[in-house]
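Welcome, and thanks for taking a look at this structure with me. Please have the viewer open as you read, so that each residue can be checked as we go.

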Amino acid sequence: MPSVTRTTEGKIAVLTMNAPPVNALGTDLRAGIGEEFALALNDPEISAIVLTGSDRAFSAGADVREFGTDKAVAEPRLKTLESMIEGANKPVVAAISGVALGGGLELALSCHARVAAPTARLGLPEVNLGLLPGAGGTVRLPRLVGAIRAAEIIIAGKPLPAAAAHEAGIADEIAEDPVAAAVTLATELAIKGKPTPVIEREDKIADFDTDAFEAARPGLLKKSRGALAPARIADCVFAACTRPPQEALAFEEEAFKELVTGSQHRALKHVFFAERQARKVPGVPDPKEAAEIASVGIIGSGLMGGGIAMVFANAGIPVTIIDVAEDSLAKGRRMIETNYQRSVDRGSIPQEKMDRSLYLITGTTDYEGLGETDLVIEAVFENMELKQDIFGRLDQVTRPEAILASNTSSLDIDQIASATSRPEKVIGAHFFSPANVMKLLEVVKGTKTSPETIGAIFAIAQRIAKVPVLAGNCDGFIGNRMLQYYTAEAEYLLEEGATPEQVDRVAEGFGMAMGPLAMRDLSGMDTSIRIREIRRKTMPADERMAEVVERLVEAGRIGQKSGKGYYRYEGRKRIPDPETTRIIEELSASLGIERREIPDEEVRDRLFMPLVNEGAKELEEGIALRAGDIDTVWVNGYGFPAHRGGPMFWGQEVGLDRVAATAERLAEKNGQRWAPSQLMVRLATEGKSWDQA
Ligand code: 3HC
């Protein structure tokens with residue numbers, strides 16, 4: 001099938017892009033568009049052109065796989081096609097179904113009008129790949145929506161639903177059948193004459209105010225966390241509004257070239273493809289063939305259970321929540337309602353969506369209420385006896401085909417499964433808190449979990465818009481197993497001379513959403529004391545757990561909820577506290593540690609390199625299938641900066657030999673558990689990457 005097909009409706013040529021699955025604008029498709037346009041433009045029987053794609057995608061943009069190869073710059077380039085369309089002597093209308101993203105939307109912006117289906121999504125998400133729109137998006141979008149709004153849209157990188165795109169002025173019309181509506185519009189325009197091309201429109205930028213734009217800049221870049229693209233996007237939008245269009249296009253092209261050859265783009269491209277690869281598990285049936293999950297039960301109406309319930313209800317799946325008492329259920333229900341109300345107040349969901357979701361969530365204290373459910377997720381606190389008791393009961397009351405999942409973040413799935421007569425249907429489904437926000441779903445496979453059960457969870461993950469990653473069954477699975485090293489080293493650094501401010505500043509400067517100590521203050525230290533006690537007893541003999549947390553808790557500093565922890569708090573604002581410094585200094589003295597200035601680079605290496613080392617051990621043991629899976633876990637579940645590609649990608653960038661050398665030093669200091677992974681040492685010696693393991 002050719003990459004572009006042509007049909008005619010009267011005097012209108014309808015050109016349909018046909019490069020499955022998502023009409024990425026690779027060389028073939030670009031060539032097809034160029035050829036068919038040339039024919040239609042030269043055809044005297046044709047008076048106007050409609051450009052369209054498939055139901056799934058008008059176009060997902062430039063073909064990311066081509067970046068860095070000659071193909072990306074082979075003619076016709078996207079910009080060549082845009083000039084051809086924009087300068088055509090016949091009107092061109094884009095008919096958009098599915099997504100119009102990146103270069104796909106840029107192509108549509110060069111058309112004389114855009115008609116979108118109500119379910120379409122339009123956006124310029126290049127920033128998520130460490131890029132900016134490089135085919136005129138930063139020049140044309142401000143001409144439709146104004147400078148600051150354009151910068152907001154491009155920097156957020158979040159596609160707009162059709163209605164919002166229409167309201168903003170990006171789509172001219174919304175129609176159930178966009179091709180039919182585009183044909184009608186094209187016919188009208190052929191008679192009336194073409195509207196002014198977007199690139200020549202000035203009305204939205206005529207009163208561009210340099211000062212107002214500069215004043216808005218810090219707000220626009222607030223969430224950048226070290227990413228380079230957002231600032232360059234702001235520069236391009238500024239140029240678009242202050243220079244002639246051709247100069248602005250050239251400025252944009254230069255900025256694009258700079259980013260596309262940079263390390264952040266490489267990292268983010270890795271994250272994009274790693275996430276997609278993580279969905280593919282060898283030996284597990286295709287999601288399309290998985291058993292359908294039409295209803296879900298959740299055990300526990302606490303923070304986690306409530307969040308998980310929202311996730312399913314949001315996807316239109318009925319949920320039954322079980323708790324021990326009516327008042328717990330009522331409390332859980334109130335929490336869910338408050339969360340939804342907040343989203344409605346913020347304008348992120350309409351009231352009808354809240355009503356519909358709440359309607360789908362019911363609560364009961366009776367396990368019999370789960371008789372017909374396809375999947376039950378247990379989300380009670382971490383206690384093996386309690387979980388086994390629950391799974392034993394679930395085994396009795398649910399249909400034999402039902403899948404029983406635990407939201408445990410570290411307990412043994414096999415032990416939980418042993419309480420049932422169907423271990424092949426028992427699995428870990430580790431959601432991250434807040435479950436209705438965090439995208440990661442760690443799917444934990446027990447020894448007997450069947451491929452069909454895994455496949456069903458992966459399939460439902462897609463429906464509820466989560467990013468699933470398969471993990472083996474071990475203490476802490478992929479993410480929390482690694483996390484222990486990060487948080488432990490943060491404490492050792494304090495004992496040796498660092499301050500909480502330094503540790504968090506370095507972590508946040510690296511790009512973490514929040515430093516490890518501020519994070520601990522947020523979650524509260526009182527609850528972790530119990531877990532730490534248990535861990536102390538099972539620790540290897542050559543290891544010692546730091547005692548900063550214990551000392552702080554003794555001093556009544558349990559974190560934000562008590563107004564002080566590592567820091568003192570005024571509301572949510574954290575303020576360094578000399579009392580913390582005194583407590584830590586006393587601890588160092590009692591341990592006979594001579595405190596010293598620790599360079600930031602050492603802090604960074606000691607925080608992040610142990611993650612890489614433990615990740616390598618997970619690969620060795622088969623707990624994680626691929627290094628990219630580990631990166632996917634950390635970027636989506638732990639606030640690891642995507643522009644660094646995840647810990648494994650980052651480790652490779654800084655050099656596995658350096659990571660191994662740090663592990664060597666930490667093992668001497670902290671114990672053999674910290675020693676370098678053999679796999680990593682081998683790869684470092686052979687100069688190989690994770691993919692060549
Ligand atoms: N280039 C190359 N491949 C792409 C692609 C792209 N732009 N977009 C998607 N794909 C591939 C995916 O890798 C996947 O391949 P696989 O089946 O081999 O794993 C396949 O298409 C289907 O994609 P998804 O599995 O992601 O399907 P979904 O339905 O979940 O999502 C999507 C579809 C919303 C289009 C999502 O893939 C997406 O967000 N794509 C990226 C969009 C993007 O960032 N566009 C900008 C590109 S940069 C650009 O245009 C530069 C320009 O300004 C010059």
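Let us begin with L591. Setting aside neighbours within four places in sequence, L591 is in contact with E495 and R544, where contact means heavy atoms within 4.5 Å. The C-alpha atoms of L591 and E495 are 8.6 Å apart in space, although the two residues are 96 apart in sequence. L591 sits in the loop between helix 23 (578–590) and helix 24 (600–621). Helices (H or I, at least four residues) and strands (E, at least two) are DSSP runs, numbered from the N terminus. L591 counts as partly exposed because its relative accessibility is 35%; buried means under 20% relative accessible area, exposed over 50%, and partly exposed in between (1.4 Å probe, protein chains only).

A few notes on the model itself. This is a predicted model, in which local features need pLDDT of at least 70 and side-chain atom pairs count only at pLDDT 80 or more, while totals for chains, interfaces and linings use all residues. Residues are numbered from 1 along each chain as its sequence is written, and side-chain values use heavy atoms, with hydrogens and water left out.

V503 belongs to helix 19 (residues 500–510) and counts as buried, at 0% relative accessibility. Beyond its neighbours within four places in sequence, V503 is in contact with A490, L493, L494, A498, P516, L517, V603 and L607.

E275 is found in helix 11. With a relative accessible area of 13%, E275 is buried. Its contacts, again leaving aside neighbours within four places in sequence, are K439, V467, T632 and N636.

**The ligand and its shell**

Which residues are closest to the ligand? They are A60, E106, E126, R276 and K280, out of 25 residues that surround the ligand; a residue is near a molecule if one of its heavy atoms lies within 4 Å of it.

| Residue | Distance from a polar side-chain atom to a ligand oxygen atom |
|---|---|
| R56 | 2.9 Å |
| R279 | 2.9 Å |

Taken alone, the ligand exposes 980 Å², and the protein buries 79% of that. These accessible areas come from the Shrake-Rupley method with a 1.4 Å probe; for residues, only the protein chains shown count as cover. Helix 3 (103–109) and helix 11 are the elements that give two or more residues to the shell around the ligand. Helix 11 provides the largest share of that shell, three residues.

**Helix 9 and its cover**

How far apart are the end C-alpha atoms of helix 9? They are 20 Å apart, which agrees with the 20 Å that its 14 residues (229–242) should span at 1.5 Å a residue; the expected span is 1.5 Å times one less than the number of residues. Helix 9 is largely enclosed by the rest of the structure, because 10 of its 14 residues are buried. Among them are A229, P230, R232, I233 and A234. The cover over the buried residues of helix 9 includes helix 4 (137–145), helix 5 (147–156), helix 8 (210–220), helix 10 (245–260) and helix 11 (263–278).

**Backbone details worth a look**

The bond from P20 to P21 is cis, with omega near 0°, and P21 lies in the loop between strand 2 (12–17) and helix 1 (27–42). The bond from S433 to P434 is also cis, with omega near -10°; P434 is placed in the loop between strand 16 (426–431) and strand 17 (440–445).

The loop between strand 2 and helix 1 also holds N23. N23 is not a glycine, yet its phi is positive, near 55°. At 2% relative accessibility, N23 counts as buried. R225, in the loop between helix 8 and helix 9, has a positive phi of about 45° although it is not a glycine. R225 counts as partly exposed, at 36% relative accessibility.

**An annotated span**

The unreviewed UniProt entry carries the annotation "domain: 3-hydroxyacyl-CoA dehydrogenase NAD binding" for residues 296–473. UniProt positions are given in the numbering used here, feature names are shortened, and annotations may be inferred rather than shown by experiment. In the model, residues 296–473 are 42% helix and 21% strand, and the end C-alpha atoms of the span lie 24 Å apart.

Definitions and conventions: A polar contact is a pair of N or O atoms within 3.5 Å; within protein, one must be able to donate a hydrogen and the other to accept it, and residues adjacent in sequence count only if both atoms are side-chain atoms.
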